Amino acid sequence: MSDAAVRVDRLVKVFEVPERDEGLRAAARSLVRRRTREVRAVDGISFEIAPGEIVGFLGPNGAGKTTTLKMLSGLLHVSDGDARVLGHVPSKREREFLSRISLVMGNRNQLQWDLPALDSFELNRSIYRIPRDPFLETRDELVELLEVGDLVRKPVRQLSLGERMKVEIVGSLLHRPQVLFLDEPTIGLDVTMQKRIREFVAEYRRRHAATVMLTSHYMADVEALCERVIVIHHGHILFDGVLSGLADTVAAWKTIAVVLENGAGDLSGYGEVIHSDGDVVTLRVAKSETARVTARILAEQDVLDLNVEDPPIEDVIELVFAGEPS
Amino acid sequence: MSSVSAVAPLRQESRLRSLADFYWTTIRLAVVEQFQYRAATYMYILGMVAEPVIYLVVWSTIADQSGGSVNGLTAGQFAAYYIVWTLVRTMNIVFTPYGWEWRIREGQLSGQLLRPLHPIHYDIAFFAGGKIPWLLYYLPIAGVLAIIFDPTFDVRPAELAVFAVAIWGAYLIRTFNQTAVGLVTFWTTRVGALFSLYSVLELLLSGRLVPLSLMPGWVQSIAWVLPFRWTFYFPIEALVGNLSDAQLLAGLGMQVLWMLIGIGVFSLVWRHAIRRYTAVGN
């Protein structure tokens with residue numbers, strides 16, 4: 001796909017990390033001889049993202065997600081491989097490239113700490129060379145969309161985390177980026193605020209046909225926004241495809257929830273009982289056995305209700321993160 | 001939920017015009033921020049005035065005890081030197097290597113690297129803007145010092161004009177030099193020791209501690225070929241000394257030379273340094 005918004009080919013990032021043992025002697029020795037270790041944070045990943053696509057980039061802490069986003073936004077130079085965003089090599093940090101992307105990190109503050117956000121917005125207007133009228137139009141619409149009209153006049157340091165995040169997002173989108181890298185944009189926020197930001201991202205993407213790459217530890221974010229997910233672990237891509245296909249690939253089992261006519265009975269003979277709540281018994285059954293086990297239960301038990309489901313996405317992701325796909 | 005109306009990317013203004021707009025916006029922002037912290041500013045001014053006043057009292061006393069002058073400098077000339085010194089010191093405050101160390105170590109540089117404008121522009125504009133309130137604070141201080149110490153001023157229009165240019169030249173030279181020192185953090189993680197060495201050299205060879213004319217000849221020779229003299233002594237000398245027009249122009253020429261060297265060194269270091277950025281912490 002040559003017209004991909006994001007194209008990553010065998011991308012590698014290696015960090016050289018200093019290390020030493022604990023204690024005074026080791027500290028003194030490190031004065032003379034410094035010991036370092038190579039860490040391959042990203043190890044040969046490849047993928048493409050089409051214009052207008054929204055992709056969830058999932059992985060446990062230290063998997064290489066943020067490092068990848070930092071390479072794609074031009075903050076880090078790649079160690080090997082190739083990355084292109086909107087046709088640009090990110091690490092060259094060309095003006096045209098930087099004017100068309102944005103990286104929003106949930107724990108980072110880009111606004112002037114001591115001044116109201118409106119002042120920072122004005123600074124961004126001048127940095128991104130936005131003519132005044134369209135700037136005011138965009139600013140006011142974003143402020144309205146995220147409902148931060150009463151916040152943008154307060155010094156940023158006096159805002160709560162959630163308030164700051166919303167204001168931060170306004171500041172990051174004033175130049176209407178075509179590619180949006182969102183790194184944990186809802187981290188630390190309450191459920192209402194998370195939902196608000198999710199809705200906003202969906203709306204922004206729809207209106208601007210923006211390409212969005214999102215990392216989040218909240219599966220609700222991913223389920224609400226992303227059809228496609230890329231799962232990364234130890235710098236390697238473990239899965240790249242539609243979210244619903246993740247369970248098929250990673251989890252070789254399904255759950256069967258059974259309600260019996262005479263209350264919860266012993267169903268351990270059909271599979272692993274993972275949950276028993278009142279009348280409902282939930283079994284874990286190997287995918288290949290699902291049809292046969294279902295038929296047996298229906299034939300041998302007085303069944304009121306029976307549901308066969310893929311495992312919850314949280315469980316699947318947990319499996320991937322644990323590095324033990326079954 | 002309401003919606004964002006325009007779909008197309010925003011049109012951008014021309015490069016030069018937008019750069020001027022950026023500088024103006026940042027300068028205004030810096031002024032606003034300076035006014036926001038009045039108490040801190042007053043304390044900072046006190047500290048700023050204390051240093052030259054101590055030098056001034058010491059040298060005035062020595063001059064009085066030495067029959068009215070030291071190496072040809074009278075008490076009135078010392079007063080003029082240190083009153084202008086205070087202004088020059090104020091005007092050439094720049095973003096320090098410690099600031100760069102913080103940016104790099106804590107990953108704070110990330111936000112600036114994501115912008116389509118080199119971070120050095122922000123530093124130059126912001127610290128230039130910070131000088132506007134400082135000038136307002138300086139004027140009454142200079143007035144009080146003048147009343148107390150009775151300085152000798154004999155200023156020609158050409159000297160005033162060169163001084164007005166030279167203080168900005170000094171500011172830019174210090175900006176590029178100290179930024180280059182700060183960028184060493186990319187290799188060493190901490191830059192304090194190197195900056196301490198730099199500061200000692202600057203203190204001795206710039207005319208900050210002692211007017212260079214009081215230094216031994218060989219020290220003056222070394223100072224002539226280093227950048228520090230052109231960031232302190234030359235602007236002060238341009239206003240309170242007796243430099244000929246040719247010497248004034250030569251001084252400006254040296255400032256241009258050191259500015260070009262500073263830009264060159266800074267650009268070279270930046271090109272290599274930025275590849276090492278790990279954006280840790282942010």
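Author: The buried residues of helix 13 of chain B are L248(B), G251(B), Q255(B), W258(B), G262(B) and F266(B); a residue is buried if 20 or more other C-beta atoms, placed from the backbone, lie within 10 Å of its own, and helices (H or I, at least four residues) and strands (E, at least two) are DSSP runs numbered from the N terminus. This is a predicted model, in which local features need pLDDT of at least 70 and side-chain atom pairs count only at pLDDT 80 or more, while totals for chains, interfaces and linings use all residues. Residues are numbered from 1 along each chain as its sequence is written, and chains are lettered from A and ligands numbered from 1 in the order in which they are written.

Reader: And what covers those buried residues of helix 13 of chain B?

Author: The cover includes helix 8 (157–183) and helix 12 (233–240) of chain B.

Reader: What span should helix 13 of chain B have?

Author: Its 29 residues (245–273) should span 42 Å at 1.5 Å a residue, and the end C-alpha atoms are 41 Å apart, which agrees; the expected span is 1.5 Å times one less than the number of residues.

Reader: Switching to chain A, how many residues of strand 6 are buried?

Author: Five of the five residues of strand 6 (residues 179–183) of chain A are buried. V179(A), F181(A) and D183(A) point one way, whereas L180(A) and L182(A) point the other way. In a regular strand the side chains alternate between the two faces of the sheet.

Reader: Which strands are joined to strand 6 of chain A, and do they run parallel or antiparallel?

Author: Strand 5 (residues 101–105) of chain A is joined to strand 6 by five bridges and runs parallel to it, with L103(A) opposite F181(A). Five bridges also join strand 6 to strand 7 (residues 211–215) of chain A, again parallel, and here L180(A) stands opposite V212(A). Two strands pair if DSSP finds at least two bridges between them.

Reader: How does chain A divide into domains?

Author: Chain A has domain 1 (6–247) and domain 2 (252–309), with bounds from an automatic or database domain assignment, and their C-alpha centres lie 43 Å apart.

Reader: Last topic: how many residues of chain B are in contact with chain A?

Author: There are 33 residues of chain B in contact with 41 residues of chain A, contact being C-beta atoms, placed from the backbone, within 7 Å. The largest share of that side of chain B, nine residues, comes from helix 1 of chain B.

Definitions and conventions: Contact = placed C-beta atoms within 7 Å. Buried ≥ 20, exposed ≤ 12 C-beta atoms within 10 Å, placed from the backbone.
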